[in-house]
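Please consult the sequence and the model alongside the text.

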Amino acid sequence: MDQKQDVVRLPSERLYVEELEALKKADQDAKPAGWQLSPKSVLTFLTGGKAKGVTITPKYIGNKRLVEMAIATLLTDRALMLIGEPGTAKSWLSENLTAAIHGDSGKVIQGTAGTSEEHIRYSWNYAMLLAQGPSDQAIIRSPIFRAMETGGIARFEEISRCASEVQDALISILSEKTISIPELGREVFAARGFSIIATANTRDRGVNEMSAALKRRFNIIVLPSPADIETEVEIVRKRVSEISTSYELRASLPEEEAVRKVVTIFRELRSGMTLDGKEKVKGPSGVISTAEAISLLTGSMALAGSFGSGQISEEDIAAGLQGAIVKDEEKDRLVWKEYLENVMKKRGSTWRNLYFACSEMNN
């Protein structure tokens, strides 16, 4: 059986293995130390193109210059930080950058309130430590440690979710490019090609602010929300198609009109204004991101495939909208009802069925 059918989600270097192999064969430019592709080929992998007759699908749809800046950062001794609202493809860009450059995007630290300094540096196999004392075999290497040894890239997701003192453990690593192991009286020096890509959510400001010293060790790139509705519709359609194929959802892909309606609702609630600029709208308490729109439509496909005709209905979309928008039961229910009555209801016959389905769900 095809291995792609055995797991829920493959890492990018395996999901796009044919594209990466085609780019390797076609690549005639110089490759930096430790890189499997030249910077131009990395850019093609991320933004799309052709290589040896193979279509390279775009992984990031947005400002190409931002991708070029990210790649250029990783050519230097600076680490890279991607900052943006939820749903701006920070993690997706981080994973695909790492897959294209080193072919291994799996060296990941997930930042949480429980992340400790050991997750950044190293810890010990305590059974071996008690039996043999400190030894190289007893060390449990962090993803950053392993990336330093191999000249790879470590990914640090949601860095601002970690306590400030844990974040600051990165300062010496990024400055000196070493990890000291005093128990063994030695240091680990980073092989050429080593870097770190961190991501941070702008909604997490004030949770654990990064120190100025740590920020200075990163080149920071802010990823914006999709600039216009056409870009956002394209992103949503592409990702829904990819995800539905991976999950083998037994439903047709959503029609263009359905995608456009969902994106329109999300953009208006996110911005606090209708697209024509004529009416202000209140926003819900939760995040109304592009990622939420993608999740909503794949969920609607699952409903249609399992309990419907296989074609996404207005009722399927309404159920998804209710779950995505009404997070705080009382406040969000009123916000959503106001939007339905003041905006959606007035949009005429093409929106009427969705309006009735959403109103029924919100009662």
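The crossing of α3 and α4 is a right-handed one; a crossing counts as right-handed if the near helix is turned clockwise from the far one by less than a right angle, and as left-handed if anticlockwise. The model is predicted, so local features need pLDDT of at least 70 and side-chain atom pairs count only at pLDDT 80 or more, while totals for chains, interfaces and linings use all residues. Residues are numbered from 1 along each chain as its sequence is written, and side-chain values use heavy atoms, with hydrogens and water left out. Helices (H or I, at least four residues) are DSSP runs numbered from the N terminus.

Two packed helices are described by the angle between their axes and the distance between the axes. Here axes are lines fitted to C-alpha atoms over the stretch in contact, and angles run from 0 to 180 degrees between N-to-C directions. Helix α3 (residues 39-47) packs on helix α4 (residues 64-74) at an angle of about 140°, their axes being 10 Å apart. Angles under 35 degrees count as roughly parallel, over 145 as roughly antiparallel, 65 to 115 as roughly perpendicular and the rest as oblique; α3 and α4 are therefore oblique to each other. In a second pair, helix α13 (residues 256-271) and helix α15 (residues 314-325) have axes 12 Å apart and an angle of about 20°, and are therefore roughly parallel to each other. The crossing of α13 and α15 is right-handed.

On a 1 Å grid over the protein atoms alone, a pocket is an open set of points with protein on both sides within 12 Å along at least five of seven lines, a cavity is a set where a 1.4 Å probe fits but cannot get out, and lining residues have an atom within 4 Å of a point. Grid points are joined across faces, edges and corners, and a volume is the space filled by probe spheres set on the points.

The largest pocket has a volume of about 1200 Å³. Its lining comprises 46 residues, with R9, W92, R239, E242 and I243 nearest the centre. Two or more lining residues come from each of the elements α5 (90-102), α12 (229-247) and α14 (290-307), and α12 gives the largest share, 10 residues. Because domain 1 (12-222) and domain 2 (229-362) both give residues to this lining, the largest pocket lies between them; the domain bounds come from an automatic or database assignment.

The second largest pocket holds about 240 Å³. Among its 13 lining residues, L75, T76, R192, G193 and F194 lie nearest the centre.

The largest cavity has a volume of about 30 Å³, and its lining includes T76, R78 and F194.
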